[in-house]
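Me: I have a chain open here and would like to talk it through. Could you start with the overall layout and then go into some details?

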Amino acid sequence: MSQASSISLTHSESTPHINIDDVTHFLLELDALKRVNRRSYVTQTTRKENSAEHSWHLAMACWSIAELFALDVNHEKLLKMALVHDLGEIDAGDTFLYADTRTDAHVEERAGIARLQRERGNGISDLSEVWEAQETGSSKESQLLRVVDRLLPFLLNLNTNGKTWIELGVMRSQVAGAHAFIKDSFPPIHDWLSHNIAYATQQGWLIDA
């Protein structure tokens, strides 16, 4: 039986001394995203997903869709955007898509990202830049991210018999309005959404208004 070879992980001589306590401090700061609960329920369970789970799902879904449709996007840029997308919620919390305060959510989230950028042990020098690019940018990567970010909670609602929609009294017009931009960005997904919005309304999961 051959013995597994070991790999020595060494950093550049030009790299300053790094305190591993600082490294682990930042990793625990990121871990806090697991404590932020969203409104959507995880399929085949009775619990709601957290924002860290959503970020993973978002990254995987963006990657898969980009490959499947052979989209001309930068995969590294896309996945980094997906991973930082909800980090601001560590400080700001999750804001429901149809909440009146939705338009102001980015203010607290941006402040949270700025804090994380300054935290000791953070090795991501462009964390704020990547977050800003996905939040306000118009690149193909940010456009795809926004489409998939809308698609996933809709998919969870559809496959939990509209549980969140029913609990919060969501209307068909609200859902249709929130997804209207996808008609131009990604017509096949918009067509699928429109069909299933009608289905969810027929099932009584969305208020027909």
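Reply: The secondary structure of the protein chain consists of eleven helices and two strands, where helices (H or I, at least four residues) and strands (E, at least two) are DSSP runs numbered from the N terminus. This is a predicted model, in which local features need pLDDT of at least 70 and side-chain atom pairs count only at pLDDT 80 or more, while totals for chains, interfaces and linings use all residues. Residues are numbered from 1 along each chain as its sequence is written, and side-chain values use heavy atoms, with hydrogens and water left out.

Me: In what order do the elements run from the N terminus on?

Reply: The order is α-β-β-α-α-α-α-α-α-α-α-α-α, and the C-alpha trace spans about 65 × 40 × 40 Å along its principal axes.

Me: What share of the 209 residues is buried?

Reply: Buried residues make up 39% of them, with buried meaning under 20% relative accessible area, exposed over 50%, and partly exposed in between (1.4 Å probe, protein chains only).

Me: And the largest nonpolar core, how many residues has it?

Reply: That core has 44 residues, and those with the most contacts inside it are Leu 87, Val 148, Trp 165, Val 175 and Ile 189. A nonpolar core here is a set of buried Ala, Val, Leu, Ile, Met, Phe, Trp, Tyr and Cys residues joined through side-chain atoms within 4.5 Å. Helix H7 (140-158) is among the helices that each supply at least two residues of this core, and H7 gives the most, with eight residues.

Me: What does Leu 87 touch?

Reply: Not counting residues up to four places away in sequence, Leu 87 touches Leu 30, Leu 33, Ile 113, Leu 116 and Leu 127, a contact being heavy atoms within 4.5 Å.

Me: How many salt bridges does the structure hold?

Reply: The structure holds 15, including one in which the side chains of Arg 120 and Asp 22 meet at 2.6 Å, N to O. That pair links distant parts of the chain, with Arg 120 in the loop between H5 and H6 and Asp 22 in helix H1 (residues 20-31), 98 residues apart. Elsewhere, Glu 29, Asp 91, Arg 115 and Glu 119 are linked in a network of salt bridges.

Me: Switching to H11, which of its residues are buried?

Reply: The buried residues of H11 are Ile 189, His 190, Leu 193, Asn 196, Ile 197, Ala 200 and Thr 201. They cover an arc of only 140° around the axis, so they lie on the same side of H11, the arc being that of the directions from the helix axis to the C-beta atoms.

Me: Which exposed residues are on the face turned away?

Reply: That face of H11 carries the exposed residues Asp 191, His 195 and Gln 202. Just after H11, Gly 204 takes a positive phi of about 85°.

Key:
Salt bridge = Lys/Arg side-chain N within 4 Å of Asp/Glu carboxyl O.
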